[in-house]
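Subject: Handing over the structure

Hi,

Here is the structure I promised to pass on.

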Amino acid sequence: MEEKYTETPDIITFVNSEQSKLMIEISLISVEREDINLMMDEKSCFFTASAEGGVEYVGTIPFLREVNPSEAKAIYMDSYLKIEVPFKDTLEDFVKVPIDEIGETEEIEESPE
């Protein structure tokens, strides 16, 4: 009987150039598309994938902004699960934080240890 073990794959998350969609890439080596289980809600996604050699990939990805899971798209190619899901809201409510040069403002206080 083949021994099974769980592994967390490499995961990359980024935002598209229009800042309207969350993009996720998950490295799933030696996996068949039909062996991938992907579930998503507005705040996170969970996935499992069975691979050759008894490997079971498992992972959870929390989202910092809510998404529209019903509009998510996913493809699996070249050992990568690529997911694209639009954000629920836009950046309209975000506040731009100015970045000062050192010496222009008071230093940021360090937290006490």
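To begin with the surface, the chain exposes about 8900 Å², and carbon and sulfur atoms supply 50% of that. Accessible areas here come from the Shrake-Rupley method with a 1.4 Å probe, and for residues only the protein chains shown count as cover.

Please keep in mind that this is a predicted model: local features need pLDDT of at least 70 and side-chain atom pairs count only at pLDDT 80 or more, while totals for chains, interfaces and linings use all residues. Residues are numbered from 1 along each chain as its sequence is written, and side-chain values use heavy atoms, with hydrogens and water left out.

Now the overall build. You'll find eight strands and zero helices in the chain, so that from the N terminus on the elements run β-β-β-β-β-β-β-β (helices, H or I with at least four residues, and strands, E with at least two, are DSSP runs numbered from the N terminus). Of the 113 residues in the chain, 27% are buried; buried means under 20% relative accessible area, exposed means over 50%, and partly exposed is in between, with a 1.4 Å probe and protein chains only. If you take the contacts between residues at least 6 apart in sequence, 46% of them join residues at least 24 apart, where contact means heavy atoms within 4.5 Å.

Next, the core. The largest nonpolar core has 20 residues, and I24, I26, L28 and V31 are those with the most contacts inside it. At least two residues of this core come from each of β3 (21–27), β4 (31–40), β5 (44–51), β6 (55–62) and β8 (80–86). The strand that gives the most is β5, with four residues. By nonpolar core I mean a set of buried Ala, Val, Leu, Ile, Met, Phe, Trp, Tyr and Cys residues joined through side-chain atoms within 4.5 Å.

Leaving out residues up to four places away in sequence, I26 touches P9, D10, I11, F47, I61, S79, Y80, L81 and I83.

What about rings? A search of the whole structure finds zero aromatic pairs. For that search, rings of Phe, Tyr and Trp (its six-membered ring) pair if their centres lie within 6.5 Å, with planes under 30 degrees apart counted as stacked, over 60 as edge-to-face and the rest as tilted. There is a charge over a ring, though: the charged end of R65 sits over the ring of F87, 3.8 Å from its centre. The cut-offs for this are NZ of Lys or CZ of Arg within 6 Å of the ring centre and within 35 degrees of the ring normal.

On to the charges. Side chains of opposite charge can pair when their charged atoms come close. How many salt bridges does the structure hold? There are three, taking a salt bridge as a side-chain nitrogen of Lys or Arg within 4 Å of a carboxyl oxygen of Asp or Glu.

One of them joins K21 and E84, with the closest N and O atoms 2.9 Å apart. Because K21 lies in strand β3 and E84 in strand β8, this pair ties together parts that are 63 residues apart in sequence. K21 is partly exposed at 27% relative accessibility, and E84 is partly exposed at 24%.

K88 takes part in a network of salt bridges with E42 and E66. Between E42 and K88, the closest N and O atoms are 2.5 Å apart. E42 is in the loop between β4 and β5 and K88 in the segment after β8, 46 residues apart. For E66 and K88 the N to O distance is 3.6 Å. E66 lies in the loop between β6 and β7 (73–77), so its pairing with K88 ties together parts that are 22 residues apart in sequence. These residues are partly exposed, with relative accessible areas of 31% for E42, 41% for K88 and 29% for E66.

S70 is also found in the loop between β6 and β7. Is S70 buried or exposed? S70 is exposed, with a relative accessible area of 72%. S70 and E42 are 28 residues apart in sequence, and their C-alpha atoms are 9.2 Å apart in space.

Lastly, some backbone angles. Q19, in the loop between β2 (11–15) and β3, is a residue other than glycine with a positive phi, near 60°. S79, in the loop between β7 and β8, is not a glycine and yet has a positive phi of about 70°. Q19 counts as partly exposed at 43% relative accessibility, and S79 is partly exposed at 28%.

Cheers
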